[in-house]
Amino acid sequence: MKRKLDILKNGLFKENPVLILVLGCCSVLAVSVTVLGGLGMGIALTFVLVCSNVVISLLRKVIPDKVRIPCYIVIIAAFVTLVEMIVKAFLPALYESLGVFLSLIVVNCIVLGRAEMFASKNTVGDSFFDGLGMGLGYTMVITGISIVRELLGSGTLFGLRIIPEGFQIGIITQPPGGFFTFGCAMAILVAAMAKKGKKFVPPVGCGGDCAGCGAACQEKEAVK
Amino acid sequence: MNGLLTVTPSPHIRSPRTTRSIMRDVLIALIPVVIVAVVYFGWRALLLICVSGAVSCLCEFIWEKAFKKDITISDLSSVVTGVILALNMPAGMPVWELIFGDICAVIVVKMLFGGLGRNFVNPALAGRIILFVSFTADMTNYTVPSFAPDALSSATPLALEGSLTWADFPSLLLGLHGGVIGEVCSLAIIAGCVYLCVRGVIKPIIPACFVGAELLFSWLFGAANPVLGVFSGGLLFGAVFMATDYVTSPLTNWGKVIFGVGCGFLTAAMRAFAGSNGAVSFAILIMNLLVPYINDITRRKAFGGVKAK
C-alpha cells in the first residue's frame, strides 16, 4: 500500500505532469481562464487518464510492440469520446467553454506519456494509482492557475464577483498572463521543493525509459 | 575598487561616464517634456510622474533587498523607467493602474531577467504595452489641454489625420491636442533630443532613421499628410526616449540604421493597416526583440580578421 501511495504522491508533486515534467501545457494555458473550465478539464483528463492507464496496463502483454502507439491512441480516443458525450449531454455550458480542448485530450501528452512510460510496463493497480496521481496533479495545477487568473483577470470566482468592476487586470486573462501565471506557479513549486531539501533534477531529455536506456544515470537505480 | 589588480580583456578605455551620469542626462532631457506635461495637464500629471518614479525605485530596492543583491537604485535607471512610463499615460490614468505598470516594468521585465543591462526589451515600453492591453479603455481615454483649439480637441490628431491641414501645424508642434502627457508637445521632445545628442548620450541615427522611415513608408501607404503624422501620436517621444535605450538597441551604426528603419516601417504599417493606438510602442517592442540578430549581422570585422561565418 505504501508503494501505491508513493506512486500517487509522485504525480502530485515530485513528477507533477504540468509543472515538473512540463507536459500538457497547451490545455493548461488555454483552458485556465475560468475556474469552472479549469476544474472541468482537470476532472475530464483525470477520468481519461485513469481509465486508459488501467486498460492499457491490462492489455500490455497483448499489444504488439510495433503498433503500440496506434493501439494506445484507440484506447484513449474511446474514453475521450465517452467523456465528450457525457459532458455534452449533462454540462452543455462546460462543453461550450472547453471547446476543442476536450477532444484534444486524445493527443494530450500526459495521457500518451503515462501510457508509454508507465502503464505499458506496470501492473494494473500501479497504473491506476499513477493515472490518478498524475490526473490529480494536473487538476491541482490547472485549478490553481485558473483561480488566480479568474480572480485577477475577471474579478470573479466560479462566476461570482469578488473584486468590484473596474479593478480587473485584463492581460491576466490573455495568453501572456497565462504564461506568466504558469511560470510563477512553476517557480513556486521548484522553490518549495528546494526548501524541503530535495534536489531538483530537471527531467530534460529523458523519457523515463530506463530499461531501454544505456546511459549512466543516478535516477536509474531508484526506478529498479 | 578594492586595490587588487583587475585584469580584463582589451580595449582598456577609461571614461568618466557612468550609468548614473547617463541616466541623469536622460532625466535632464526629460525636464522640458515634464514641464509641458504639468502646464498642459495640471498637477495630476506631476502626481503621476512622481508616483511612478518613486514606485519604480522602490520596486528595484525591495527586489534587491529580498534577494540579497547589491542595491543599484542610485544608478537612476529605475527613475528614468518610471518617469518615461508615466509620460506615456493619459492624464486621467488611475494611479493604481500606473503602479501596476511600474511593478511589471521593473520587476517582471528588468529584475527577473537579471537587472539593468539584461532586460530583453525596454522596461518602460513593456510596462506601457502591458497597461495598454490590460486597461485599454483608460489608456486611450486621452485628455485634452483646456486651451486646445476646437479642431484638435476631440481625439488624438492621429485619429482625425485625414482632416488635418497645415493650419493645424503650429498647434500640433506646441502639443495643443489630446494625447498621453509626454507625447503631445513635439518642441519639448525635440529640445530633449538635441540635449541628448549634444551631450553625446545618444547618437541621432535611431531617431532620424525612425522618423525618416515613418515619413517615407506612410507616404507610400497613402497617408493623407505624412509630415503631420510625424508630429502627432507618440512617434517622436518613442523615437527619442524609448528606441534609443542602450540595452535594447543595436551596437553598431549600421545596426542602428536597420533598427530605426524597421521601427519606422512597422509604425507606418500599423498606423496604416491596423489602427493608430500603440503603433509606435509595438513597433519598438518588436524591433527590441530583433536586436540580438541585428547585432549579429552587423558585427564589425576585427582588424586583420576574417569575417565570421
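The model is predicted, so local features need pLDDT of at least 70 and side-chain atom pairs count only at pLDDT 80 or more, while totals for chains, interfaces and linings use all residues. Residues are numbered from 1 along each chain as its sequence is written, chains are lettered from A in the order in which they are written, and side-chain values use heavy atoms, with hydrogens and water left out.

Let's begin where the chains meet. Eight residues of chain A are in contact with nine of chain B, contact being heavy atoms within 4.5 Å. Together the two chains bury about 650 Å², with 75% of it on carbon and sulfur atoms; buried area is the accessible area (1.4 Å probe) that two parts lose on being put together, summed over both. On the chain A side, A:Ile169, A:Ile171 and A:Phe180 supply 56% of the area buried against chain B, more than any other three residues.

What about polar partners across this interface? One residue pair is in polar contact, both at pLDDT 80 or more. Such a contact is a pair of N or O atoms within 3.5 Å; within protein, one must be able to donate a hydrogen and the other to accept it, and residues adjacent in sequence count only if both atoms are side-chain atoms. Between chain A and chain B there are zero salt bridges, a salt bridge being a side-chain nitrogen of Lys or Arg within 4 Å of a carboxyl oxygen of Asp or Glu.

Now look at the second largest pocket, which holds about 680 Å³ of space. A pocket here is an open set of points on a 1 Å grid over the protein atoms alone, where a 1.4 Å probe fits, with protein on both sides within 12 Å along at least five of seven lines; lining residues have an atom within 4 Å of a point. Of its 26 lining residues, the closest to the centre are A:Ile171, A:Pro176, A:Phe180, B:Val108 and B:Ile130. H4(B) gives the largest share of the lining, six residues.

In helix H1 (residues 2–14), A:Asp6 and A:Lys2 lie four residues apart, about one turn of the helix, and form a salt bridge whose closest N and O atoms are 3.3 Å apart. A:Glu84 sits in helix H4 (residues 68–90) of chain A. The side chain of A:Glu84 makes a polar contact with that of A:Tyr95 (3.5 Å).

Technical notes:
Points joined across faces, edges and corners; volume = space filled by probe spheres on them. Helix = DSSP H or I, 4+ residues; strand = E, 2+ residues; numbered from the N terminus.
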